[in-house]
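Please look through the sequence and the model shown here. The paragraphs that follow take up helix packing, then selected residues, then the backbone.

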Amino acid sequence: MGISVLDRRQSLSTATLLVVASMIGTGVFTLSGILLEDLGSIASVLLVWLLGGLLAFCGALSYAELAAMFPRNGGEYALLREIYHPAIGFMAACTSFIAGFTAPVAIATLAFGHYAHRLNASLSELQYAFVLLAIITLFQLSKDVVAARFQNLLTFIKIALILAFVLVGFTQGHIGPSPLASFDSATLFSPQFSSAIITVSYAYTGWNAAIYIAGELKNPKRNIALSLALGTGGVTLVYLLLNYVFLTSAPIADLKGVIEIGHVSASALFGKEAGYWMSVVIALGLISTANAYMVTGPRVYEAVGRNYSKLAWLIRKDKHSNPMRASLLQSCAAILMILSASFEQLLVYVGTLLSVFSAITVAGVYVLRKRLPDQPRPYRCLGYPATPAFFIALMAWVVFRSISANPVSFLASILTILACFSFYLYVRKSAMPDPLATSSEDS
């Protein structure tokens, strides 16, 4: 095995669909009933989803400028070490390993097990989860074209089914009155509204997925920005349409506090049997989501392995040039999380860390504009300087509200940062220059 230049073999469509697959998980099918109970009006819930999409879109535009300047695999890890210091990037990678990739894989596979068991009880929920994890791991170790087509097909099916549900809901369903009639502007300044944005922001997680394969993307100077913008903008539109159908399909009293709002909405619009098919849609969507995180995560660990000899074993590739050991590491960690009863609690505090690192990364747009004003920028952030400022301000607010609501999570986050920094001190003496730092920037 040697260290070779990454092949630019991933297309714009693959990168865009990776963003879509990473974003659309269980959140859009489960959150709106709870939000409706907290906010009281359909219009307020839709506004929260719109603001969540706007937040993600501003982040995507900011990331696009940075990733187009440094089109390498590794996501925040590669960008933060370039913008600030290797220690910052390393801590971001450690945090991403726990909550950014492994935990979402565990959650998606467990949720798949829940829906698959409901559809066919021949296996237990846990068994279904492990079967799915094994399948998506094997696909990560298959030929690149096979893995890409598998991911693209799953995502196409997911989007097609969701859009079909929306279309039929609008044309044949008994859609209720306009939600604007119930809007109360006072809700915008309530604690419930700010908490709702925090909740919805996690449903948009994955808007930055394309940057993790930037080193393998064809024509990255163009396609990074396009894939992030198209994927995030498209998902925001789908979320708004889908939630409109959900929230107007039945009386508000029947939807408030309901977790499985997708099932309830489909049953109300098309009969009880439609609830079964909604479960099929969600199950297929979860396969796509879990597989997307299995694609992106190992690229980060592989990038870390290229920079530190003590972690160089993560670079090991299989005969198809896939990051074999990094993929197996994430699968094994996901198994431990699936078997653990406490990984959901882990997400509560690490989710705050992910928000912090996203805000720090977006702030890098300002840092590099000042430090490297003459550096070629194939893409410049649309709406600068307002776009990154909006993202940073709203993300800071989200973090503050999270800490205020759960101070214990703040202490846990600090301990996590210290643990990651201690690990960095252990490996930093084995630091090596990145062999792909120059070649990966070629288009």
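Helix α5 (residues 86-119) packs against helix α12 (residues 272-307) with the axes 8 Å apart and at an angle of about 155°. The axes are lines fitted to C-alpha atoms, for helices over the stretch in contact, and the angles between N-to-C directions run from 0 to 180 degrees. The angle makes α5 roughly antiparallel to α12; the classes are roughly parallel under 35 degrees, roughly antiparallel over 145, roughly perpendicular from 65 to 115, and oblique for the rest. α5 and α12 cross in a left-handed manner, where left-handed means that the near helix is turned anticlockwise from the far one by less than a right angle, and right-handed means clockwise. The contact of α5 with α12 involves 23 nonpolar residues, six polar ones and one charged one. In this classification Ala, Val, Leu, Ile, Met, Phe, Trp, Tyr, Cys and Pro are nonpolar, Asp, Glu, Lys and Arg are charged, and the others, Gly among them, are polar.

The model is a predicted one, in which local features need pLDDT of at least 70 and side-chain atom pairs count only at pLDDT 80 or more, while totals for chains, interfaces and linings use all residues. Residues are numbered from 1 along each chain as its sequence is written, and side-chain values use heavy atoms, with hydrogens and water left out.

The protein has 16 helices and zero strands. Of its 443 residues, 55% count as buried, meaning under 20% relative accessible area, with exposed over 50% and partly exposed in between (1.4 Å probe, protein chains only). Among contacts between residues at least 6 apart in sequence, 82% join residues at least 24 apart; a contact means heavy atoms within 4.5 Å.

The axes of helix α9 (residues 220-247) and helix α11 (residues 261-270) come within 9 Å and cross at roughly 60°. That angle makes α9 oblique to α11. The crossing of α9 and α11 is left-handed. On the α9 side the contact is made by V245, F246 and L247, which meet I261, G262, S265 and L269 in α11. By class, the contact of α9 with α11 holds five nonpolar residues, two polar ones and no charged ones.

How is helix α4 (residues 76-83) placed in the structure? Six of its eight residues are buried, so α4 is largely enclosed by the rest of the structure. The buried residues are E76, Y77, A78, L79, L80 and I83. Y77 is also touched by V300, a residue of helix α12. V300 is buried, at a relative accessible area of 2%. Not counting residues up to four places away in sequence, V300 touches G74, A93, F101 and Y212 as well as Y77. The C-alpha atoms of V300 and I213 are 8.9 Å apart in space, while the two residues are 87 apart in sequence.

S331 belongs to helix α13 (residues 324-339). At 6% relative accessibility, S331 is buried. Beyond its neighbours up to four places away in sequence, S331 touches L133, T137 and M294. S331 and T137 are 194 residues apart along the chain, yet their C-alpha atoms are separated by 6.9 Å.

T387 sits in helix α15 (residues 386-405) and is buried, with a relative accessible area of 9%. Leaving aside neighbours within four places in sequence, T387 is in contact with C58, L61, S62, C381 and L382. How many disulfides are there? The count is zero, a disulfide being a pair of cysteine sulfur atoms within 2.5 Å. For C381, the nearest cysteine sulfur is that of C58, 7.7 Å away. C381 is buried at 5% relative accessibility, whereas C332 is partly exposed at 47%.

Two backbone features remain. Most residues other than glycine have a negative phi, and most peptide bonds are trans. N219 is not a glycine, yet has a positive phi of about 45°. N219 lies in the loop between α8 (191-203) and α9 and is partly exposed, at 34% relative accessibility. Y384 and P385 are joined by a cis peptide bond, with omega about 5°. P385 lies in the loop between α14 (343-371) and α15.

Definitions and conventions. Helix = DSSP H or I, 4+ residues; strand = E, 2+ residues; numbered from the N terminus.
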